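Please open the model in your viewer and keep the selection tool at hand. The stops below may be followed in order.

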Amino acid sequence: MAKHLTPYGIHKPPMDKVFKWKVGNLFKKRREKHSDDDFQLKVHPLTKEALQREDDFIIWLGHATFYIQLNGIKILTDPVMDVPLTPRLASLPIALKELELDIILVSHGHFDHLDIKALQELNIYKKQTKVIMPTDLSSYLKKEANVTELGWFEHYDAESLSITALPASHWHRRGVFDFNKALWCSFAITHKEKTIFFAGDTAFDGHFKEIQEYLPKIDVALMPIGAYLPREVMQTNHIDPQEALDATLLLDASTMIPYHYGTFKLSDEPVGEPHSWITKLSQTSKVAINVLEVGNICPL
């Protein structure tokens, strides 16, 4: 696999900062309890029958996992059941094995986005479900997987849909010796005049303006808002709620839907702080912010 050097993302393993952060937390004075520490996402159980609809809709299943139906095509983003050594705080509203899918999108190789167990639960090998991933990421799957790899600005056409891999400012690592040996990306899903943008994981960077120039019309921008503290570690990895809104404005998207919070505690901010912050921003934002509850069906 080639080592990926891109205009956007981390090009040197940030292990010194991560080590300092983790060790520092061992000796840090315990902070006072925050009102957002006890936050829990509301989860609405789903049934297979509830998904038998003909309209376009989206459902947040937690973390970065969205179930999207667009023109009858069923898409799942970054399916994750569990993250190593990290308790799941909000259950899935439906078992992954209950989902019938046409396409699975995987934005990058970190364990909270590429979950091999979840892909096995979805039975991708027997069903030959189409999996779309950035360049070189398929090496982590069995050879019989039905995979299409895309570099940035490459696209895959599925009947009436077009799926385009777009830039993100992030990085790759799953093991000791594979730093940046697979690409990372965001995705655009387009049907006729309707476009959904899925940001994957990303820092705030110049790629948002570049994407806007490439995609002048975005109806819904799915934007991550969690895992942003401490900033000296996370600023080059993840956007916070204000940056997510700023990026949505740069994208000139009509609606923003936030994700990447409340399902796993991956960083230092109180688990409910991203939700409180984005809810407050939504009250004065120039762009519509639709804060979904897990399992709710949202028409597109």
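In this predicted model, nine aromatic pairs are counted. Begin by selecting Phe57 and Tyr67, whose rings form a stacked pair, 6.0 Å from centre to centre and with 25° between the planes. Phe57 belongs to strand β1 (residues 57-62) and Tyr67 to strand β2 (residues 65-70), ten residues apart. Are these two residues buried or exposed? Phe57 has a relative accessible area of 0% and is buried; Tyr67, at 2%, also counts as buried.

Next, select Tyr228 and Trp277. Their rings are arranged edge-to-face, with 5.6 Å between the centres and 85° between the planes. Tyr228 lies in the loop between β11 (218-224) and α5 (231-234), while Trp277 lies in helix α7 (residues 273-282), so this pair ties together parts that are 49 residues apart in sequence. Tyr228 is buried, with a relative accessible area of 1%, whereas Trp277 is partly exposed, at 29%.

Now return to the loop between β11 and α5, where Pro230 is found. Display the backbone from Leu229 to Pro230: this peptide bond is cis, with omega near 0°. For comparison, most peptide bonds are trans, and most residues other than glycine have a negative phi.

The second part of that comparison leads to two further residues. Select Asp136, in the loop between β5 (130-134) and β6 (147-150). Asp136 is not a glycine, yet its phi is positive, at about 75°. Its relative accessibility is 18%, and Asp136 counts as buried because the limit is under 20%. Then select His260, in the loop between β12 (253-259) and α7. His260 likewise has a positive phi, near 70°, in a residue other than glycine. His260 is buried, with a relative accessible area of 2%.

The final stop is a pair of helices. Two packed helices are described by the angle between their axes and the distance between the axes. Select helix α4 (residues 207-214) and helix α6 (residues 241-251), whose axes come within 8 Å and cross at roughly 30°. Helices α4 and α6 are therefore roughly parallel to each other, and their crossing is right-handed. Which residues meet here? Phe208, Ile211 and Gln212 in α4 meet Ala247, Leu250 and Leu251 in α6. Of the residues in this contact, five are nonpolar, one is polar and none is charged.

Methods
Residues numbered from 1 in each chain as written. Predicted model: local features only at pLDDT ≥ 70, side-chain atom pairs only at ≥ 80, totals over all residues. Heavy atoms only, no water. Axes fitted to C-alpha atoms, helices over the stretch in contact; angles between N-to-C directions. Helix = DSSP H or I, 4+ residues; strand = E, 2+ residues; numbered from the N terminus. Parallel < 35°, antiparallel > 145°, perpendicular 65-115°, else oblique. Left-handed = near helix turned anticlockwise from the far one by under 90°. Contact = heavy atoms within 4.5 Å. Nonpolar A, V, L, I, M, F, W, Y, C, P; charged D, E, K, R; others polar. Phe/Tyr/Trp six-rings, centres within 6.5 Å; stacked < 30°, edge-to-face > 60°. Buried < 20%, exposed > 50% of the residue type's maximum accessible area, 1.4 Å probe, protein only.
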